[in-house]
Each structure stands twice: as C-alpha cells, then as structure tokens.
Amino acid sequence: MTMTSPPLLQPAPPREQHRGRHWIDDWRPEDPAFWETTGKAVARRNLIFSIFAEHVGFSVWMLWSIVVVQMTAGPHGGPAASGWALSASQALCLVAVPSGVGALLRLPYTFAVPVFGGRNWTTISASMLLLPCLLLAWAVSHPGIPFAALVAIAATAGFGGGNFASSMANISFFYPEQDKGWALGLNAAGGNVGVAIVQKIIPPIVVAGGGVALSRAGLFYVPLAVVAAVCAFVFMNNLTEASKQGGADVKPVWQSLRHADTWILSVLYIGTFGSFIGYSAAFPTLLKTVFGRGDIALTWAFLGAGIGSVVRPLGGKLADRIGGARITAASFGMLAAGAAAALWSVETRNLPLFFASFMFLFVATGIGNGSTYRMISRIFKVKGELAGGGPDTMVHMRRQAAGALGVISSVGAFGGFVVPLAYAWSKSQFGSIEPALRFYVAFFVALLAVTWYCYLRRGNALAGHGV
C-alpha cells in the first residue's frame, strides 16, 4: 500500500506591516499586561495631542459665535463699533452655518481615519484650520461685502467641527473598553472647552489698544493651528487595526447604519451635544438681542460652554459606573426643567433667572454628552457578545462602533445648526424666543421617553446589560 503524505499546510499570508515609527501594528488594549507595560503610555500621549488639536478645531468652529456680537446692530439699528449692522436674524444665521457645515463634515472625517490613519489625518485636519482663520480675518475687515459672501466664509469654520468625529473615532481604538468612557469624555471635553476659551479670550483681544479690530480673532488662531498640526505629526501614532491598510475599511461605517441603535443614539445626541453646541453658539447673541446686554454676552457668556465642557468627563465616568442610559435619561429630565425655567425667565423678563437657567442647561448637556457617547461602544460590545463574542466578532463590532461614533456625532451636531435658526425664526415670526423654548421642553421630555423605552424598560434586550 502506497502511503501518501498529507499536503503541507500553507501558512497564512502575513499581515501587512507598515514602515515608519509612527505606525503601530500590534495593539492589544484589552490585554492587561500589554496595557500596563506599553499601551497606557502610548494611548495617553495620543490622547493629549488629540485633545489639543480638537481644542483648536472647536475654537475655530465657534469663532463666529462671539465675533457676530460685535457685528450686530445696536438697539436703534445703528452700526456697531466694528462698522457692521447685522440684524438679529442675520447674526443667528452666521452662527448656525458653521455648525451645519461641521455636522456635514463629521461623516467624511470619520472615513478619513481608516483611509489615512489617525495621526496623519489629525495633521491634515489641523492644517486645514488655517483657511477659516485667514478668511475670517479678511472678511470682518470689509463691512461692505455681500451677506451671502459672509455666510460662505463663515461656513469654512465648519472644518473645525469635523475634527471632533475623526478624533473620537481614532481615540476609541486606543483604550480598553473599561476606560473608554473616561478617555472619550476627556477627549471631547478638551475640544468642547475650546468654545468657552474662544468666547472668553477673543473679546478683549479684538478691543485691545482701543477700537475694535475683529480681524485679530482669526489671526490669533493661525499659529495655534500650525502648532497643533506639527505636534500631531511628531508625537501621534497611526494604528494598523484602525486603518484601511491594516484590513479595515469604510465598510464598518455603512454596516453600523443597519443597527437601529445607531439612529436612536443619533437622535439622543441631537438632544445632548446638539443642544450644547447650539446653545453655545446662540447664547451670546440671545443675551444681546433678547435682553439688550451685549456687555454680559462678551464678558460672561463663556461660562456656559465652560461648565458644559468641564462636566462632560463626569457624564462619561458616571456612565461607566451607573450605566449610560440611566445618566442620559436623567440629563434629559434636567434639560426639560432648564428649558422650562428659561421660558419663564423670558416671559417675566428676568435676566438673572435666564442666565442661571442656561447655566443649568449647559450642565445637563455636558453630563448627557458624556453618557450618550459612552453608550455607543457599550451597546456594540454587548451586541458582539450576544453574537457569540469571538475575537473576530468583537474586533468587527469595535470597528462598527467607531463608525457609529462618526455617524452619531454628525447627526447630533445638526442640533447646533437647528437651535440658532429656531431662535432666529421664533424671533422674526413672533417677536420672541418663547415658542422655540416651548418646543425644547416638549422635545426633551420626548427624548427622556425614548431613552427609557429603548434602553431602560424592563424586558428590553439591552436593559439587562448595563448599557
């Protein structure tokens, strides 16, 4: 009998390795030994410079929210000290447009991470911030340009809003599941606080030395954008697991759209982050146009965005311990109460109550931002476990979660576009922002009900997994 030897097993083709010290091919954050000896320090370094780049991006995104206060006509319709005389509706339109463009860009910016690599795209996107800064510096120095051209130039500030999606998707790959809430909360808060910083430092900069020089607002951020790009290029890394060359592609983003949870969370994020960015953009203008207090707008409006940014990591931390859905539901209850208080303050012309109610709203948006974002990775992890929990399945679900982060942040950011326009419409049609505030009370109550029904209701498939 002739013996035939079994065919030799062919080795699996080697995984493509990247050349260059900025590429990391072996990344195992869920391995405790790897994480403690190698991963934690690398992840922290990437997080630090991601926060800085995102901070500059958010600041550029919201530049117009404070610049337009100096461009809005006075109580009797006369031009402001800057030479501009925008109406309240025009001013609110200018702060809405960058938010809308930033929301649109968040989805392609999410695709950019797997295509280019996280470090590479952070370098590119930070460099792109030079365009809106320089254009703003030119435009505000020419009060005679058409309003349509001004809107188009303001739209370029949306580049800064797109940075958030790519930054969050990238950082989500660096951290183990148990630390994602805190890491993503810090990353987001570092960006969000840029809104407060720009609203605090720009007013004194543009009036330094007497007069009003609005061009300084854009020029101030030019060197900061350059520093952010250089730091990303020198100190950050690309992860093979997150890149197209390493086996991932943009397909997980499309696959994430098949999950109903992606769309549900998008709506919830409109209520949390959309409210945060929308209120941040509109609050200074509302203080001037509703109560005629441009001085307060330029001096104290930054507190709202600052408070919302600082408490965002707390929302992620509470979600890690208590559950994202519970914290998100609580935040919507707070948002409904805050909107009701703001409505009453407008009806009674009570400026202190109006200011305090908006501070409360910012606290609620910050907590809800952190908890809602934390729910995303947790939900996809649970879905992977319910599908068998194999290594390939879990990696696939992590990639889908990263794609969902971009989709949800994009849809949610449209709240920043809608909120100022809703106030502008309400003011022009009814002479007051009261109808808009009534809508927000009902909207937040509805989102509380959605959160309970989808993630907290007894018998729900995800409710028992601490989502």
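## Ground rules

Residues are numbered from 1 along each chain as its sequence is written, and side-chain values use heavy atoms, with hydrogens and water left out. Since we're looking at a predicted model, local features need pLDDT of at least 70 and side-chain atom pairs count only at pLDDT 80 or more, while totals for chains, interfaces and linings use all residues.

## Salt bridges

There are 10 salt bridges in the structure, each being a side-chain nitrogen of Lys or Arg within 4 Å of a carboxyl oxygen of Asp or Glu. Take D320 and R374, whose closest N and O atoms are 2.4 Å apart. D320 lies in helix α14 (residues 312-322) and R374 in helix α16 (residues 351-386), so this bridge ties together parts that are 54 residues apart in sequence. (Helices are DSSP runs of H or I with at least four residues, strands are runs of E with at least two, and both are numbered from the N terminus.) R374 is buried at 10% relative accessibility, whereas D320 is partly exposed at 27%. Here buried means under 20% relative accessible area, exposed means over 50%, and partly exposed is in between, with a 1.4 Å probe and protein chains only.

Helix α16 also holds K381 and E385, a salt bridge with 2.5 Å between the closest N and O atoms. These two are 4 residues apart, or about one helical turn. K381 is partly exposed at 22%, and so is E385 at 36%. R293 and D295 make another bridge, at 2.9 Å between the closest N and O atoms; R293 has a relative accessible area of 32% and D295 one of 42%.

## Aromatic pairs and charges over rings

The count of aromatic pairs comes to 33. To pair, rings of Phe, Tyr and Trp (its six-membered ring) need centres within 6.5 Å; planes under 30 degrees apart are stacked, over 60 edge-to-face, and the rest tilted. W27 and F174 are an edge-to-face example, at 5.5 Å centre to centre with 70 degrees between the planes. W27 sits in the loop between β1 (23-24) and α1 (32-61), F174 is in helix α7 (residues 158-174), and 147 residues separate them. Both W27 and F174 are buried. F49 and F235, on the other hand, are stacked, at 4.7 Å and 10 degrees. F49 is in helix α1 and F235 in helix α9 (residues 215-235), so parts 186 residues apart in sequence are tied together by this pair.

Arginines get in on the rings too: the charged end of R457 sits over Y453, 4.1 Å from the ring centre, and that of R349 sits over F291 at 5.0 Å. The test is NZ of Lys or CZ of Arg within 6 Å of the ring centre and within 35 degrees of the ring normal.

## The largest pocket

K381 turns up again here: with E177, K180, M394 and R398, K381 is among the residues nearest the centre of the largest pocket, which has 16 lining residues. α7, α8 (180-207), α16 and α17 (391-430) each supply at least two of the lining residues, and α17 gives the most, with 6.

A pocket is an open set of points on a 1 Å grid over the protein atoms alone, where a 1.4 Å probe fits, with protein on both sides within 12 Å along at least five of seven lines; lining residues have an atom within 4 Å of a point.
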